Amino acid sequence: MKINGPITPQRSAWRLTAVPAPHCPVFGRDVTADVAIIGGGYAGLNAAIRCNELGLKAVVLEAEDPGFGGSGRNGGQVIPGLKFDPNTLLEMFGEKHGRPLIDFAGNAPDRTFDTIRRYGMQCDAEQNGWLQPATNQATADKILKRAAAWRDMCDVPVRLLDAQMTFAATGTRLFSSAWIDPRGGQLQPLSYSRELARVAMDGGSEVFQHSPASKISRTGATWTVRCNGHDLKARAVLVCTNGYSGGLIRGLAESLVPASSIICGTAPLPDDLRRTILPSGLPLSDARRLLTYLRFDPAGRLLIGARGSFNLKEPESYFRRLRRAAVAMFPQLGGIAWEAAWGGRFALTADQLPHVHNPEPGLYAAVGCNGRGVAMLSQMGRLLSDLADGMAAEDAPIPLGKVKPIPFHRFRRFGLEAVTLWYRALDQTGR
């Protein structure tokens, strides 16, 4: 199967198995609301649902269709926490600010699955845990410390697996040990996006697709969002565009480095073969610097994903590397056809932390989950609505700040590509 050119959703396994998209009209009239939301992904749509709960009228403007971006193209793994372990976050922020951030990030999967259950969303959601295996002694030490931190500091009932237990859970001898975080799980990411849109509209929000916001401006306490030649007026604007951010907020796009995550999918596997691969049924992300992640989709396709490029145009070699990695883990895949390949964009921040910006009164933006966006962007969208409803800045679990563009942003990608090559070399040498 030849896979080349820019990453697109057309070959996505999620598009083959997703629930039908709800009908979202195109924005074509002047509208007044309490809250204007720009971006119809996890953050924007969870923000709309939260607005419904708070009694606020929300309007969502999505440039394409709900879930078109990273929210409909990711691996669908619902992972607790951030890139930094809780002990490190306490060292960075202290008890007063670090503990709320740890709780906010650690509880993100519970809040996400609770929302799915409360509204009866059909998105193949399973809060069955998340498995992180080690590939060598360095990563084994890392996951042991990580599991201990969550267990000892946050009372998470983690499970530690030795080599044999890890093999029984994963079906491969590549991994030497692992830990399981019971708070995690998996879902069908595009179905989740579409169900969020349905629930938001059922609750009173308006969701518009093919409706890109072209400009935002403020007169007194009223914000105006220009879209398709019409105006959306509101007292608060929530910008939820993450890796697809443009020029609506000055410097926002320059404060992020967009990167891609790419995924390959097999044809649906026969039951006897499927039972030998990931027998635990848990979603898996390994502990390397440049991690690989695996899971099954609802139809029985094995999906394997990893970091793509920073120029967002994936050469065929990237997908070949993924397929080779899958066969190296599971040689029984050697004769299996591969029928899906796609990618999505996510946002990296310079400090590897999520950011909530408040550049002007009534204007908020949430960006930068650094590859852990299913739970965290859902959580951050709810936070933005609480802020729009009057939550005090000092009560926010993520400190509110101004937008800070990355110096020499246009050259940042080249530096990150060099770092990526260095990290790949370190992972291969087991350091």
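This is a predicted model: local features need pLDDT of at least 70, side-chain atom pairs count only at pLDDT 80 or more; totals for chains, interfaces and linings use all residues.
**The seven-stranded sheet**

An open sheet is built from 7 strands, arranged in the order β9-β3-β2-β13-β20-β19-β21 with mixed pairing. Its edges are formed by β9 (206-208) and β21 (400-401), each of which pairs on one side only. At the β9 end, strand β3 (residues 58-61) runs parallel to β9, and 3 bridges join the two. Within this pair, Val60 is placed opposite Val207 of β9.

**The helices across the sheet**

| Helix | Strands it lies across | Angle to one strand |
|---|---|---|
| α2 (residues 42-54) | β2 (35-38), β3, β9 and β13 (236-239) | about 170° to β3 |
| α10 (residues 373-388) | β2, β13, β19 (355-360), β20 (363-367) and β21 | about 165° to β20 |

Helix α2 has 13 residues, which at 1.5 Å a residue should span 18 Å; the C-alpha atoms at its ends are 18 Å apart, in agreement with that expectation. Most of α2 is covered, with 10 of its 13 residues buried. Among the buried residues are Tyr42, Ala43, Gly44, Leu45 and Asn46, as well as Cys51 and Asn52. Gly55 follows the helix and has a positive phi, near 80°.

**How α2 and α10 pack**

Two packed helices are described by the angle between their axes and the distance between the axes. For α2 and α10, the angle is about 40° and the axes are 7 Å apart. The two helices are therefore oblique to each other, and α2 passes α10 in a right-handed crossing. Residues of α2 that take part in the contact include Tyr42, Ala43, Asn46, Ala47 and Cys51, while those of α10 include Gly373, Val374, Leu377, Ser378 and Gly381.

Strands of a sheet pair through backbone hydrogen bonds, either parallel or antiparallel. A further open sheet contains 4 strands in the order β1-β12-β11-β10, again with mixed pairing. Strands β1 (31-32) and β10 (213-219) stand at the edges and have a single partner strand each, so one side of each lacks a neighbour in the sheet. The partner of β10 is strand β11 (residues 222-227), and these two pair in the antiparallel sense over 6 bridges.

Technical notes
Residues are numbered from 1 along each chain as its sequence is written. Side-chain values use heavy atoms; hydrogens and water are left out. The expected span of a helix is 1.5 Å times one less than its number of residues. Buried means under 20% relative accessible area, exposed over 50%, partly exposed in between (1.4 Å probe, protein chains only). Two strands pair if DSSP finds at least two bridges between them. Axes are lines fitted to C-alpha atoms, for helices over the stretch in contact, and angles run from 0 to 180 degrees between N-to-C directions. Angles under 35 degrees count as roughly parallel, over 145 as roughly antiparallel, 65 to 115 as roughly perpendicular and the rest as oblique. A crossing is left-handed if the near helix is turned anticlockwise from the far one by less than a right angle, and right-handed if clockwise. Contact means heavy atoms within 4.5 Å.
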